[in-house]
Amino acid sequence: MERNLENEVAVVTGGGGVLCSVMARELAARGAKVVVMSRKQENADAAADAIREVSDDVLAIAADVLDRDSLLDANEKTREAFGPCTLLVNGAGGNHPDGNTAMEFLQQEDLTNGTRTFFDLGCEGFSFVFDTNMIGVVQATQVFARDMAATGHGSVINVSSMSAFSPLTKVAAYSAAKAAVNNFTQWLAVHLSGTGVRVNAIAPGFFLTRQNKDLLTNPDGSYTARGGKVISQTPMGRYGKPEELLGTLVWLADQTQSGFVTGVVVPVDGGFNAYSGV
Ligand SMILES: NC(=O)c1ccc[n+]([C@@H]2O[C@H](COP(=O)([O-])OP(=O)(O)OC[C@H]3O[C@@H](n4cnc5c(N)ncnc54)[C@H](O)[C@@H]3O)[C@@H](O)[C@H]2O)c1
């Protein structure tokens, strides 16, 4: 494997999760020094242990993307271990039922029969999901990309979603947040364009992970009605495999391959975003 990222110090938020632990491992295999950041130390440790099969230049740090002090502390630890961050993957994110409606389409009787409708969503739950996916990206970027702007070397890769382009039914807060991530990716790319820092995003289609497994599959492995609907809207007719995100990740991370690419959101989705359903 080409070690084309040997000059990079990569911080991967959400690095203890399913998709981003695979991403972090790939960056390490390509020669980057990698900081795996997760809310829980044990998840960061587990991902770092897997990376040690390919590299010793890995550090596991617990930090919350909504807690600026924990991010500042993580940035200091990164600098001490490897030097300033040059590649930030904003992978921390996820959904929660408090930001979802119970039904895809509102029926008038839902207003009186106890169904959780849009009108019942509390701002606290909505904000939690929105902030986790959007404000977490803003805040981690403020902390880790400042050195990039100062040195003129760096790249930020946000993790968006299909729900950013067309919102998914039920999924109100998460969809709004990911749409905001796309918009912010473009905004920041323009804002930092004179500094040498590139800002892009990957928008995964549907990958079976902890976050969505119960929504999309039954305990026996068959698809739920929603899972079947996703597959019927995915022209390739299957879920993605985490490894299928890696080509796009490495391309966006490598200054020599994508040095003139900034402000783009790349769908990796088996054709979901291109398909009208007809
Ligand atoms: N799985 C999919 O099909 C899919 C599709 C599109 C986008 N995504 C996005 O990909 C990213 C990774 O998701 P995944 O499917 O691997 O899920 P995951 O739950 O396995 O990973 C998400 C990680 O983010 C961490 N996290 C959540 N809130 C955090 C916070 N406040 N501070 C720090 N860390 C926090 C979690 O602890 C977890 O380790 C997310 O941004 C998700 O929205 C996933």
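1. A word on terms before the details: a cavity here is a set of grid points, taken over the protein atoms alone, where a 1.4 Å probe fits but cannot get out, and a residue counts as lining if it has an atom within 4 Å of such a point. Please keep in mind throughout that this is a predicted model.

2. A search of the whole structure for cavities of 30 Å³ or more returns one, and the largest cavity has a volume of about 50 Å³. The residues that line the largest cavity are Glu8, Thr86, His153, Gly154, Ser155, Arg198, Ala253 and Gln255. Sorted by class, this lining comprises one nonpolar, five polar and two charged residues.

3. Turning to the ligand, which residues come nearest among the 28 around it? They are Val18, Leu19, Asp64, Tyr174 and Phe207. By class, the shell around the ligand divides into ten nonpolar, 14 polar and four charged residues.

4. A side-chain N or O atom of Tyr174 is 2.6 Å from a ligand oxygen atom, while a backbone N or O atom of Gly17 lies 3.3 Å from an oxygen atom of the ligand. For Ser38, a polar side-chain atom lies 3.4 Å from an oxygen atom of the ligand.

5. On its own, the ligand has 820 Å² of accessible area, of which the protein covers 94%. The elements that contribute two or more residues to the shell around the ligand are α1 (18-29) and α6 (172-191).

6. As for the overall fold, the chain contains ten helices and seven strands, and its C-alpha atoms fill a box of roughly 60 × 35 × 35 Å along the principal axes. The radius of gyration is 19 Å, which agrees with the value near 19 Å that a compact globule of 278 residues would have.

Terms used:
Residues are numbered from 1 along each chain as its sequence is written. This is a predicted model: local features need pLDDT of at least 70, side-chain atom pairs count only at pLDDT 80 or more; totals for chains, interfaces and linings use all residues. Side-chain values use heavy atoms; hydrogens and water are left out. On a 1 Å grid over the protein atoms alone, a cavity is a set of points where a 1.4 Å probe fits but cannot get out, and a pocket is an open set with protein on both sides within 12 Å along at least five of seven lines; lining residues have an atom within 4 Å of a point. Grid points are joined across faces, edges and corners, and a volume is the space filled by probe spheres set on the points. Ala, Val, Leu, Ile, Met, Phe, Trp, Tyr, Cys and Pro count as nonpolar, Asp, Glu, Lys and Arg as charged, and the others, Gly among them, as polar. A residue is near a molecule or strand if one of its heavy atoms lies within 4 Å of it. A polar contact is a pair of N or O atoms within 3.5 Å; within protein, one must be able to donate a hydrogen and the other to accept it, and residues adjacent in sequence count only if both atoms are side-chain atoms. Accessible areas come from the Shrake-Rupley method with a 1.4 Å probe; for residues, only the protein chains shown count as cover. Helices (H or I, at least four residues) and strands (E, at least two) are DSSP runs, numbered from the N terminus. The radius of gyration is taken over C-alpha atoms; the globule rule is 2.2 Å times the number of residues to the power 0.38.
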